[in-house]
Amino acid sequence: MVQQRELPRKMSFIRRFRSDQSGVVIVIFALMLPIIVGFIGLGVETAFWFSEKRSLQSAADAAAIAAAYEVKDGSDTATIESKAVNEAVRNGWTDDGSTISQVPNSGTYSGDTAAREVNLTRSVNLLFSNLLIDGSVTINARAIARASGDSEACVLALDTSASGALSNQGNADITMSGCDIAANSTADDAVNLSGNSSLTVDCGYVVGGTDQGNNVDLTTGCSEIVEGVSAIVDPYASIPDPTIDSCDADHTNVSISSGTLDEGTYCSGINFSGTVELTGGTYIIDRGTFRVNAGATLTAADGVTIILTSSTGANYADVSINGGASVTLAAQSSGNYSGVLFYGDRDGTEGLDATFNGGATMDLTGALYFPQGDVKFTGGVSSGGSCTQIIGLTVTFNGDADLKIDCDGAGLSAIETNVTVGLVE
């Protein structure tokens, strides 16, 4: 009987033991605690990461703006980078020796030399969330700032010290419709207006000063020429150097008086007389002169770029369009030389002058770009083009000229004036 009563008691104990859950919560909690702590830490640290991201973005924004201001001032690449790094460090970034500033290579402002992109990174060590994530978290920040103007120039003189870098002399009557003049020279007479000349222009911007004679008639859309500005950015500073091929006999010292002329490399210059049509493309003149003689008519069937250069590093080619000539040319509207009608090689140290003599009738759509050359308009030149830019080391008018700047679809890059700096991305 005793054994029969003990059996039910034993079975009841087993059932109670099996169903007893006391202490399980503690075990489960002990097992889950690292995960709970990890997720709590992750939440706390995520807020910390966002704070670090905002801080790093502020440093990137400040660095990009500093770099763009240096672009506005015409500084070299090393100076731009140095100012960007200094500003980033001042705003809490730790300099890791990497290059942080560059011309944007993607997005809306890709290849825009007036813009600077800054990319910063920061490694953040993990605390509680190290239970869930190995290592550290890398935070990135990107900013683009750009120097941009609210007006454009037709004429820019790039020389940084010359007196009369941009000059209007004699009886020259210059009208520039819808555009400004600009000079990067620091000289007190960087812009020189003399004789009985007249100049009608929207406005003028000069790094140095202006010397205006008593008999000069100056009409501007602003109150006066603005002096003491930062250097105006050369919009074509990044176009590539030409590839110069060798010349056979048919492409050496060419004289042509009729028919058509195909693109290619021409050595020792080209002389045009009679009526000639360029078929379009890129014409590379290796030394000598691209000369359009009096009475000649030169046109183009398609967009052209005429590059004046030298394969020997001396005696760089130049251009001369003489009185009585008729020239109607437009630049290519796409490609490496988009918008550039004449390009005097920037590596040239001699030659590269561009002379447009009196009596010539020209319809030139595009940029006359001579960063190391002296551009001269003498004796009266009319330019009927709706879009003409003149960029030279120096630019001199000693005769009439009528320039316009209506460049939609022509492929030109703007010579921006009245420039301000701001974040764009």
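Trainee: Is Cys-179 buried or exposed?
Mentor: This is a predicted model, and in it Cys-179 counts as buried because its relative accessibility is 0%.

Trainee: Which residue does Cys-179 form a disulfide with?
Mentor: Cys-154, with the two sulfur atoms 1.6 Å apart. The pair links distant parts of the chain, 25 residues apart: Cys-154 sits in strand E3, and Cys-179 in the loop between strands E5 and E6. Cys-154 is buried as well, with a relative accessible area of 0%.

Trainee: What is the handedness of the link between Cys-154 and Cys-179?
Mentor: Left-handed, at -90° about the S-S bond.

Trainee: How many disulfides does the count come to?
Mentor: Three. Cys-203 and Cys-222 form one of them, with sulfur atoms 2.0 Å apart. Their link is right-handed, with 95° about the S-S bond. Cys-247 and Cys-267 also form a disulfide, sulfur atoms 2.0 Å apart, and that link is right-handed at 80°.

Trainee: Why does Cys-222 count as partly exposed?
Mentor: Because its relative accessibility is 23%, and buried means under 20%. Cys-203, at 5%, counts as buried.

Trainee: Changing topic, where is Ile-144 found?
Mentor: In strand E3, residues 136-157. Ile-144 counts as buried, at 0% relative accessibility.

Trainee: What is Ile-144 in contact with, leaving aside neighbours within four places in sequence?
Mentor: Its contacts include Ala-64, Pro-104, Arg-116 and Leu-423. Separately, the C-alpha atoms of Ile-144 and Tyr-109 are separated by 8.5 Å, with the two residues 35 apart along the chain.

Notes
Residues numbered from 1 in each chain as written. Predicted model: local features only at pLDDT ≥ 70, side-chain atom pairs only at ≥ 80, totals over all residues. Heavy atoms only, no water. Helix = DSSP H or I, 4+ residues; strand = E, 2+ residues; numbered from the N terminus. Buried < 20%, exposed > 50% of the residue type's maximum accessible area, 1.4 Å probe, protein only. Contact = heavy atoms within 4.5 Å. Disulfide = S-S within 2.5 Å.
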